[in-house]
Amino acid sequence: MSISNHKTVKEYTRRSLNESSMTKWNWYRHINWVNLTVIIILPLLALYKSFDTPLTKNTLQFSISYYLFTVTCFQAGYHRLWAHRSFTATSSIKFIYAVFGTSCGLGSIKTWVPIHRAHHRYIDTEKDPHHIRKGLWYSHFGWIILNPKVKVKNSIKECYGDDLDNEKLIDWQSDNYHELAILTGLLIPCLICGIFWNDYFGGLIYAGVLRAFIIQQNSFFVNSIGHVLGTQPYDDRKSHRNNWALSFLTFGEGSNNFHHEFSADFRNGIHWYEFDPVKYHILSLYYIGLVTKINRTADTSIVQCLLQQEQKLIDRKRSQLNWGVPIDRLPIISSDEFTKWAKEIAPERALVAVAGIVHDVTPFVNDHPGGISLIKASIGKDATSAFNGAVYDHSTAAHNLLATMRIAVLSGGTEKIVWKQQQAENKDVPLKQDSQGNKIVRTGEQATIVKKTFRTADAA
Ligand SMILES: [Zn+2]
Ligand SMILES: [Zn+2]
């Protein structure tokens with residue numbers, strides 16, 4: 001059966017009447033009144049009534065327990081099982097997920113799953129149902145109380161997989177969604193609190209409507225805050241972020257950066273410090289045989305993404321630092337020109353050659369830890385040997401600093417342009433570029449370091 005024949009998705013999309021912008025004359029036609037009632041009006045009424053409805057200890061305890069149970073059914077069932085097929089479960093477990101997942105008031109599996117799949121596939125584009133670039137309010141719940149635009153409607157249709165038509169349980173849940181939602185979302189909490197401790201209304205308000213409201217809002221927070229605030233250890237090209245606070249609110253759905261990268265993984269938080277009780281729930285069922293298969297991403301794939309992202313950040317940081325003018329962009333001068341320049345043309349500048357590269361160290365002369373006289377003795381001369389160990393074996397930091405003062409390259413002389421030799425000998429040179437094409441200067445590989453050559457010379 002194709003999506004176009006299916007009534008539940010039609011219900012969600014049929015009001016995408018036009019692409020016209022909202023005005024004071026047509027605003028009511030842009031509103032999805034059913035969703036507005038379930039998401040906003042009903043919870044506000046419940047909140048209002050809660051002021052004169054005492055919250056008893058028994059009702060509070062039941063509300064929390066029922067919240068944990070139903071949020072698990074939604075996150076494990078709707079999200080990780082049906083939307084992402086990250087594990088397979090026995091019929092009994094799927095039945096419980098399907099029935100009690102409706103208590104959250106977020107639609108049937110056939111309605112919610114294609115929307116969520118469209119979000120994953122078209123994240124950060126106009127086809128994303130809760131496109132974060134349309135603003136925090138829109139990505140939070142604006143998208144659900146406004147009728148979808150044609151682009152979004154089409155992307156949701158595209159993301160409706162055949163798998164949703166091949167399971168009788170999903171068909172049955174969809175056909176009976178409203179009855180099931182009223183039964184599990186309102187009647188069951190109302191009757192349990194009423195029959196066992198005579199608090200029918202408290203059960204309806206707290207364990208029914210407000211519990212569902214909290215689950216809905218927390219789920220929306222993943223769509224809004226989870227795409228704005230948090231870390232991006234796996235990939236920062238899109239908006240998805242890890243947010244530990246969201247993990248607590250959503251019972252384990254806060255590691256959104258990991259989830260968008262590895263959505264077929266049954267886990268959301270992979271580290272012990274990431275709060276993901278739904279993962280342990282699935283694992284527990286797996287150990288007792290009620291979950292039959294779990295998908296776990298290979299550690300190497302995860303580490304690859306982590307390293308690529310770390311490398312990208314390192315490259316970004318590196319590009320912001322002064323590593324000196326790249327040697328191949330420096331003017332080339334002869335040894336005679338260098339001498340003339342240092343002694344006659346610009347005697348006020350402190351020009352020193354190290355490893356075939358001319359440096360203007362004037363700003364640094366007075367700060368030289370080894371004293372002014374040592375530098376002055378090298379002006380207009382080749383200081384390669386002195387700089388690399390004959391007088392003092394300079395640190396990596398000193399070589400980095402020297403690089404920022406380079407102004408020219410010597411075309412001849414005894415140094416033979418050491419940097420060229422180094423490059424010619426080093427077969428790895430093409431790889432020593434970051435993702436932005438900038439040369440990477442690793443520690444100990446600065447062009448002015450020629451330790452071995454001169455140590456050998458000294459020994460001789
Ligand atoms: Zn997301
Ligand atoms: Zn997902």
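Q: Which residues touch the most other members of the largest nonpolar core?
A: Trp82, Phe87, Tyr97, Ile109 and Ile282, out of 57 residues in that core. A nonpolar core here is a set of buried Ala, Val, Leu, Ile, Met, Phe, Trp, Tyr and Cys residues joined through side-chain atoms within 4.5 Å. Buried means under 20% relative accessible area, exposed means over 50%, and partly exposed is in between (1.4 Å probe, protein chains only).

Q: Where does the largest share of this core come from?
A: From H4, with 11 residues. Helices (H or I, at least four residues) and strands (E, at least two) are DSSP runs, numbered from the N terminus.

Q: What does Phe87 touch?
A: Its contacts include Tyr97, Phe266, Ile282 and Val291, and also Arg80 and Lys293. Residues up to four places away in sequence are not counted. Contact means heavy atoms within 4.5 Å.

Q: What is in the second core?
A: That separate core has 14 residues, including Val352, Val354, Ala355 and Ala383.

Q: Before I go on, what sort of model is this?
A: A predicted one: local features need pLDDT of at least 70, side-chain atom pairs count only at pLDDT 80 or more, and totals for chains, interfaces and linings use all residues. Residues are numbered from 1 along each chain as its sequence is written, chains are lettered from A and ligands numbered from 1 in the order in which they are written, and side-chain values use heavy atoms, with hydrogens and water left out.

Q: OK, metal next. Which residues are the protein donors of the zinc ion (ligand 2)?
A: His79, His84, His116, His120 and His259, each through NE2, at 2.0 to 2.2 Å from the zinc ion. Donors are N, O and S atoms within 2.8 Å of the metal (3.2 Å for Na, K and Ca); water is not among the atoms, so sites may look incomplete.

Q: What spacing do they follow along the chain?
A: H-x4-H-x31-H-x3-H-x138-H. Within that set, His84 and His116 link distant parts of the chain, 32 residues apart. His84 is in the loop between helix H4 (57-83) and strand S1 (87-89), while His116 is in helix H6 (residues 109-121).

Q: Are His84 and His116 buried or exposed?
A: Both are buried.

Q: And Arg85, what about its phi?
A: Phi of Arg85 is near 50°, a positive value in a residue other than glycine. Most residues other than glycine have a negative phi. Arg85 lies in the loop between H4 and S1. It counts as partly exposed because its relative accessibility is 29%.

Q: What about Asn198?
A: Asn198 has a positive phi too, about 55°. Asn198 is in the loop between helix H10 (177-197) and helix H11 (200-224). With a relative accessible area of 63%, Asn198 is exposed.

Q: Strands now. How many residues of strand S6 (residues 406-410) are buried?
A: 4 of the 5, so S6 is largely enclosed by the rest of the structure.

Q: Which strands pair with S6?
A: Strand S3 (residues 332-333) pairs with S6 in the parallel sense over 2 bridges, and Ile332 has Val409 as its bridge partner. Strand S5 (residues 357-360) runs antiparallel to S6, with 3 bridges. There, His359 is the bridge partner of Arg406. Two strands pair if DSSP finds at least two bridges between them.
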